[in-house]
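Work through the exercises below with the sequence and the 3D structure open beside you. Try each task before you read its solution.

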Amino acid sequence: MALPLAFFALFFAWPVAAIVGRGLRPDGGWQLGRLGEVLTEPDLQHVLWFTTWQALASTALTLLIALPGAYVFARLDFPGRDLLRAVVTVPFVLPTVVVGTAFLALVGRGGLLDELWGVRLDTTVWAILLAHVFFNYAVVVRTVGGLWAQLDPRQEEAARVLGASRLAAWRAVTLPALGPAVAAAALMVFLFTFTSFGVVQILGGPTFSTLEVEIYRQTAQLLDLPTAAVLTLVQFAAVGLILAVHARTVRRRESTLRLVDPALTARRPRGTGQWALLAGVLAVVAVLILLPLGVLVARSLDTPDGYGLDYFRSLQSAGEGGTFLVPPLEAVWNSVQYALAATAIALVVGGLAAAALARRGGRLVRGFDALLMLPLGVSAVTVGFGFLITLDKPPLDLRTSWILVPLAQALVGVPFVVRTMLPVLRAVDGRLREAAAVLGASPLRVWREVDLPLVRRALLIAAGFAFAVSLGEFGATVFIARPDRPTLPVAVARLLGRAGDLNYGQAMALSTILMVVCAAALLLLERARTDRTGEF
Amino acid sequence: MRSTKKLAATALAAALGVSALAACGGKDDAKTDGGTKSKTVTLVSHDSFAASDAVLKEFTAQTGYTVKVLKSGDAGAALNQEILTKGSPRGDVFFGVDNTLLSRALDNGIFTPYEAKGLAGVPADVQLDRAEHRVTPIDTGDICVNYDKKYFADKKLSPPQSFADLIKPEYKGLLVTENAATSSPGLGFLLASAAQYGDDGWQDYWKKLKDNGVKVVDGWEQAYNQEFSGSAGGRKAKGDRPLVVSYASSPPVEVLYAKPQPTEAPTGVATGTCFRQTEFAGLLKGAKNPDGGKALLDFLISKKFQEDMPLNMFVDPVLKDAKLPELFTKFGATVSQTHTVAPDKIAKNREQWVKTWSSLVLK
């Protein structure tokens, strides 16, 4: 408990507090008057309003589109299911710079919708909403589907034997069991869309702006720290509220459910209804997720001399342009190294936090649980700038150190580790530990013989997720990545920042590589997964 | 059996993590601090900074200092980070503050005055801090409207050349520009229009531009790679705007990064719409290696570096006798007359203009 607390105090709370403090106490005295001033400004009220309603609309749309998917992935058995489940998770960990580009190809001018029906969404809020569905589809499929797959279908069958109609049985048995999971998923989607940055920046253009985008503009562009500080506090309050509600629903979910092996609940689709549902879900996945990803791959292969691997080959040399001091391909290796380091940090910090949370109860601990989730809802630029002004003195002069990147990435990885490990750790029967202890095992041995075998899978899954998330992290990394060691997403952004065919092609090729690495990591994770009580 | 395998896999993963840590750490230690600190000079810059390896090695050969480059975000973000870390900077020299943001840097006092050797070879009109030498001009670049040659040839329409052209009906719905609040070419274009039409006239001009269907996106990447039909990225993304606010050096870049290299640039420059941007470097206050920093500033305006710059950062050298590469002279536009606004005037009006512009154009 001490280590994770110290980690968060040092690398999250302190930097964020410092940067907010810099904004609100420019000369040592609090200027809380700014709070009211900023909050009553019509432009910013508009931002707040837009942030809230687009998040609500995105959440509703995501649930509507992804819930059938959750059912299909949970209960129907079809070839390629695991692969597909890994693929739908890829958008979640891809940097938005890249996906925004691909997504425009679908809903923008000359995109599929445009060619079929002359519908263009690139200037409307629909583009944002659909992109949010694209990004968060996996959250619903994994959170709700994960539980759905483990609900014992015999309970529903029992209800039907007792005379309930199919609908009534579902409503009386399955729905209440799923309710908390749906709520938890909805809150996560709401959190992610409420703090949406890249999607809104790319697809929304300058007219639509969320709080997060506005914080970025005020901090990075205008250096209006007071306004940024107030907005950060507002976002903090909102995120805190969302997380508090979330913690509540999660607790309810972890209560009493009879769970079974998911392998027993899934079966081949039967009847026209199930086949139609499967076809429908597959069509949605194909159009909404596979197609934009496909566009990315197609563009990376679309060279001036026809389709080929030229751009991929050209990644091996630094080229004469000097965008990089090293060949872009090295960014892949850099990213993997950083992500491994970040994963290690996230596993240690998150694992210890989860262990502490699992053993204890009480309000304080629950508050800590929510605290660990906070980095997911705090603007990367706030954290990045906070790092700059706090970690600048020995012994913690880390500003130019490579470790800063994995530290920032680990901040985002820890919540996933905790959420994956916690339910499993809670499920370990304490009596097993006691029995082992009574039989004379040392605490270490108890941990090794009892806990470790039970949580190893969860640990691997958590590692996989932390790895994938670290790989795709862009916002904080871009501020602190060293130029001679750019990460994949940073390299992509840099290439896109230059004119010319080769740069664009290389950006697409690197994005494709990132996508494949993420998909591979997630697929491995699917293999390791048997226990689906975790949230992601 | 199975569990041993898994344990081995877990151990392997852990070992990999550790060795990755060691690998990163090992590389890093060799480069930084310790007794060799004075031999390293650190240059902090924005993401667009680039120099060829050979030239950086040349600097080391000349002075004994090794350059370490730290890039951090776009020009605005990079400068703001310097302001935030004022007094305890991450490096010795900052490169990349331009005339639109110069006053912010000077007002915040992040630089120590130093008169670089060789400044005599730099025209006086770009030495915007001549009295104190807190900053040294390094390069200039022009922000101009670019056009898609093929589009205008196909339509048998002559491409626009001036601000007045852009509001003519035949160019309706063709231009895409960047948000002046978030993008430096966007801001440059706004300032150029203010230079052309005056403090009061520019608003009226933008009203007309808006009526003529100008599209505004957030950043250069989107405008150029998504919307502009003349760029390589834009063609793939099926961009449908043949006019974009970019740089006078963009056409040569399109040639350089095309394979095979075309005999003519696919894009051209509307030379009457240009805003002259000058980029500066300065010695950071509190620099750990001020001597190295001074040597680096001298080097940045030396012929060696100045002639290396165009093909790395696609900007023009400030040194009078630096030769331009053939790519620039052959495919680049000659901009005879540019618009610019004095830094103190920009400082006074920037925020108000951007605010007015936002409510005028974005709402």
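The exercises that follow concern a predicted model, and each solution goes step by step.

**Exercise 1.** Find how many disulfides the structure holds over all chains, and state which residues are joined.

*Solution.* Begin with the general idea that a disulfide is a covalent bond between the sulfur atoms of two cysteines. Over all chains, the structure holds one disulfide. Its partners are Cys144(B) and Cys274(B), whose sulfur atoms lie 2.0 Å apart, and this separation falls within the cut-off of 2.5 Å that is used for a disulfide. The link between Cys144(B) and Cys274(B) is right-handed, with 110 degrees about the S-S bond.

**Exercise 2.** Decide for Cys144(B), Cys274(B), Cys518(A) and Tyr257(B) whether each is buried or exposed.

*Solution.* The step of reasoning needs one cut-off, namely that a residue counts as buried under 20% relative accessible area. Cys144(B) has a relative accessible area of 0% and is therefore buried. Cys274(B) is likewise buried because its value is 0%, and Cys518(A), with a relative accessible area of 0%, is buried as well. Tyr257(B), which has a relative accessible area of 7%, is also buried. This tyrosine, Tyr257(B), sits in the loop between α10 (250–256) and β9 of chain B. The C-alpha atoms of Tyr257(B) and Arg134(B) are separated by 36 Å, and the two residues are 123 residues apart along the chain.

**Exercise 3.** Name the residues that form a positive surface patch, and classify Arg166(A) by its relative accessibility.

*Solution.* The positive surface patch is formed by four arginines, namely Arg160(A), Arg166(A), Arg267(A) and Arg270(A). Of these, Arg166(A) lies in helix α9 (residues 166–194) of chain A. Its relative accessibility is 59%, and because exposed means over 50%, Arg166(A) counts as exposed.

**Exercise 4.** Which residues make a nonpolar surface patch of about 240 Å², and how is Leu352(A) classified by its relative accessible area?

*Solution.* The nonpolar surface patch of about 240 Å² is made by Leu3(A), Val348(A) and Leu352(A). To locate one of them, note that Leu352(A) is part of helix α16 (residues 330–359) of chain A. With a relative accessible area of 38%, Leu352(A) is partly exposed, because the value falls between the cut-offs of 20% and 50%.

How values were computed
Residues numbered from 1 in each chain as written. Chains lettered and ligands numbered in written order. Predicted model: local features only at pLDDT ≥ 70, side-chain atom pairs only at ≥ 80, totals over all residues. Heavy atoms only, no water. Patch = residues over 30% accessible without salt bridge, like charges linked within 9 Å, V, L, I, M, F, W, Y side chains within 5 Å. Areas by Shrake-Rupley, 256 points an atom, 1.4 Å probe, with all protein chains shown as cover. Salt bridge = Lys/Arg side-chain N within 4 Å of Asp/Glu carboxyl O. Lys, Arg positive; Asp, Glu negative; His and termini not counted. Charge placed at Lys NZ, Arg CZ, Asp CG, Glu CD. Helix = DSSP H or I, 4+ residues; strand = E, 2+ residues; numbered from the N terminus. Buried < 20%, exposed > 50% of the residue type's maximum accessible area, 1.4 Å probe, protein only.
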